[in-house]
Each structure stands twice: as structure tokens, then as C-alpha cells.
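Trainee: Could you help me learn how to read a protein model?
Mentor: Gladly. Let us look at it together and take one feature at a time.

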Amino acid sequence: MTPDEYCQLKAAQSGSSFYYSFLFLPAERRRAITALYAFCREVDDVADEVSDVGVARVKLAWWRTEVANLFAGHPQHPVTRALAPFVAPYGLDGARMNEIIDGMEMDLTHHRYADFDALELYCHRAAGVVGQLAASIFGYRNPSTIEYAEALGTAFQLTNIIRDVGEDARRGRVYLPADELARFGLDAQDILARRGDGRFVKLMEFQADRAASYYELARSKLAPEDRRDQRAGLIMAGIYRALLDEIRRDGFQVLDRRIALTPLRKLWIAWKTWVTA
């Protein structure tokens with residue numbers, strides 16, 4: 001298996017909505033974004049699947065070394081070998097890749113967030129910098145497009161948090177800020193016990209409104225001259241915004257199920273966005 005094939009398999013197996021946004025890209029950019037996505041999956045899997053925190057830290061430290069290897073010109077892992085040809089052409093940088101690892105390290109020990117400021121830092125590390133790197137791969141001319149990518153990444157992460165409340169609770173994680181839980185008469189134990197009463201629905205409406213505001217912020221920051229190049233990101237936005245709307249229509253029944261769009265609907269959104277953006 002070549003490094004590109006390894007990354008392609010990693011992306012396809014994940015079943016992520018992001019995969020649909022890659023389909024319409026030119027071949028070289030598709031290879032680059034698929035390799036970046038595979039890197040994100042590798043480090044995220046460490047945080048999610050390695051139960052021993054000490055072992056997980058060692059694995060993430062190995063990935064930091066491998067990022068250094070990548071920028072020193074001698075990558076070892078199939079993912080970094082696949083990324084290597086695109087470092088210079090697309091302006092990829094090690095600082096942002098290490099920030100992604102910082103976000104995964106937060107997942108090892110930060111299972112509660114006091115307020116949105118703390119959660120926003122996590123969103124920046126886990127998704128905002130991914131958006132920035134992706135925007136570089138897609139291509140841009142106006143610096144405000146990087147602000148668009150940061151806001152869009154945060155919107156995606158907030159949508160994921162809403163979708164995955166129940167799944168995260170089963171892992172002992174609560175990403176909803178403690179002060180906002182209290183504002184709606186709840187606490188972390190209510191989430192861990194998956195109590196989905198009217199208070200929970202009002203809390204989730206508040207969370208969904210904030211996620212929607214980040215989609216609007218991203219839209220306002222995207223420079224018109226970069227809109228065509230950033231169509232892959234707009235596909236992601238279309239799919240994730242539709243998912244957020246679906247969760248809202250379903251009454252935020254996220255404590256005991258995972259709400260998802262069908263592959264056909266995702267493909268339709270991807271095609272429609274690509275031809276009209």
C-alpha cells in the first residue's frame with residue numbers, strides 16, 4: 001500500500017462528512033487534504049481509543065517527533081510521507097500541526113470545561129487550525145479567508161459536540177460549559193446520566209444558536225475572490241449546517257442516539273454546493 005492509498009483508506013473508513021468535500025477537488029489538492037485528514041484521524045484515534053493516559057501521551061509525543069521529521073525532510077509514517085510533497089506548495093507548517101496534537105492532549109485530561117472561553121481554546125486547537133491548514137491547501141489570496149477557516153472549524157466542532165453529547169457522556173466527557181449548564185439548571189452529572197428533559201432541550205437550543213452564529217461569522221469572513229477556491233470548505237459547511245438543522249428538527253434527541261445525514265443527502269449537498277458556489 002502506498003502512502004496515498006493508506007490515507008485514502010483512512011479517510012474512507014472514517015465515514016466522515018469531510019470525505020464528500022474532497023471528491024470534487026483537483027487530484028493534487030485532493031491528495032493533500034486527504035493526507036491532512038488522515039493525520040487528524042491518527043492523532044484523534046490516540047485520544048479516543050487509547051485508554052491508558054500515559055500510553056496515549058507517549059503516542060502523541062511520537063507524533064510530535066514525526067511532525068519534526070516531516071519538516072526536516074525525512075518522514076517515516078505513511079501519513080507524513082503522503083503529506084511531504086505538499087508542505088512547501090501549500091504552506092503547511094509544523095506549529096499548526098502541533099496545535100492539533102495539543103487539542104488531542106486536552107482530551108486526555110480535560111473532561112470538563114468551566115466556560116466557553118476554555119471550550120473555544122479546545123475548538124481552536126482541535127478544529128480551527130485544521131480549517132486554516134485546509135484553507136491553505138484549497139488556495140486563497142485574501143488573509144481574511146484564514147479567519148473564515150478558523151470560524152468554520154469552530155462551527156464544525158460545536159456541531160460535533162452537540163451531535164455527540166450522549167456518546168461523549170458514555171466516555172465520561174462533558175464538553176458543554178459548566179456555567180451554561182448551571183444557567184439552565186443542570187450540571188455535568190445530569191449529562192452523564194443522560195437526562196433529556198426540557199432544561200436540556202433549552203440548553204441545546206442555546207448551543208445550536210451559537211454554532212449557527214459561527215457559520216454566519218465564517219460566511220462573513222470569506223473573501224469573494226476566494227469563494228471558488230474554497231468550495232470544498234463550503235461543501236463541509238453545507239453538510240454540517242444541514243446536520244445541525246436536522247438535530248434541531250429532531251428535538252435534540254442526542255443523548256441516546258447519533259443523528260446523521262444519509263450518504264445520498266451528503267452527496268447531493270456536495271454536488272449542489274460545488275456547482276453553485
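**Reading the model step by step**

Mentor: Leu36 is buried, with a relative accessible area of 2%. Buried means under 20% relative accessible area, exposed means over 50%, and partly exposed is in between, using a 1.4 Å probe and protein chains only. This is a predicted model, in which local features need pLDDT of at least 70, side-chain atom pairs count only at pLDDT 80 or more, and totals for chains, interfaces and linings use all residues. Residues are numbered from 1 along each chain as its sequence is written, and side-chain values use heavy atoms, with hydrogens and water left out.

Trainee: Where does Leu36 sit, and which residues does Leu36 touch?

Mentor: Helices (H or I, at least four residues) and strands (E, at least two) are DSSP runs, numbered from the N terminus. Leu36 belongs to helix H3, residues 27-49. Contact means heavy atoms within 4.5 Å. Not counting residues up to four places away in sequence, Leu36 touches Leu83, Val130, Leu133, Ala134 and Ile137. Take Val130: it is 94 residues from Leu36 in sequence, with 8.4 Å between their C-alpha atoms.

Trainee: Is Ala11 buried or exposed?

Mentor: Ala11 is buried, as its relative accessible area is 1%. It lies in helix H1, residues 3-14. Leaving aside neighbours within four places in sequence, Ala11 is in contact with Tyr19, Thr34 and Tyr37. Gly131 is 120 residues from Ala11 along the chain, and their C-alpha atoms are separated by 16 Å.

Trainee: How many salt bridges does a search of the whole structure find?

Mentor: A salt bridge is a side-chain nitrogen of Lys or Arg within 4 Å of a carboxyl oxygen of Asp or Glu. The search of the whole structure finds 27 salt bridges. One of them joins the side chains of Arg64 and Glu105, at 3.0 Å from N to O. This pair links distant parts of the chain, with Arg64 in helix H4 (residues 53-72) and Glu105 in helix H6 (residues 94-109), 41 residues apart. Arg64 is partly exposed at 24% relative accessible area, and Glu105 is partly exposed at 22%.

Trainee: Which residue forms a salt bridge with Glu180?

Mentor: Glu180 pairs with Arg210, and their closest N and O atoms are 2.7 Å apart. Here too the pair links distant parts of the chain: Glu180 is in helix H10 (residues 178-183) and Arg210 is in helix H12, 30 residues apart. Both Glu180 and Arg210 are buried. Glu180 counts as buried because its relative accessibility is 3%. Its contacts, not counting residues up to four places away in sequence, are Phe116, Leu203, Phe206, Gln207 and Arg210.

Trainee: What about Asp164 and Arg163?

Mentor: Their side chains meet in a salt bridge, 2.8 Å from N to O. Asp164 is buried, and Arg163 is buried as well.

Trainee: How do I check the length of helix H13?

Mentor: The expected span of a helix is 1.5 Å times one less than its number of residues. H13 has 19 residues and should span 27 Å, and its end C-alpha atoms are 27 Å apart, so the two agree. Just after H13, Gly251 takes a positive phi of about 75°.

Trainee: Which residues other than glycine have a positive phi?

Mentor: Among them are Arg194, with phi near 55°, and Phe252, with phi near 60°. Arg194 is in the loop between helix H11 (188-192) and H12, and is partly exposed at 35% relative accessible area. Phe252 is in the loop between H13 and helix H14 (263-276), and counts as buried at 3% relative accessibility.

Trainee: What volume does the second largest pocket have?

Mentor: Rolling a probe the size of a water molecule over the atoms shows where empty space is left. On a 1 Å grid over the protein atoms alone, where a 1.4 Å probe fits, a pocket is an open set of points with protein on both sides within 12 Å along at least five of seven lines; lining residues have an atom within 4 Å of a point. Grid points are joined across faces, edges and corners, and a volume is the space filled by probe spheres set on the points. The second largest pocket has a volume of about 290 Å³. Of its 13 lining residues, the closest to its centre are Tyr215, Arg219, Leu234, Ala237 and Gly238.
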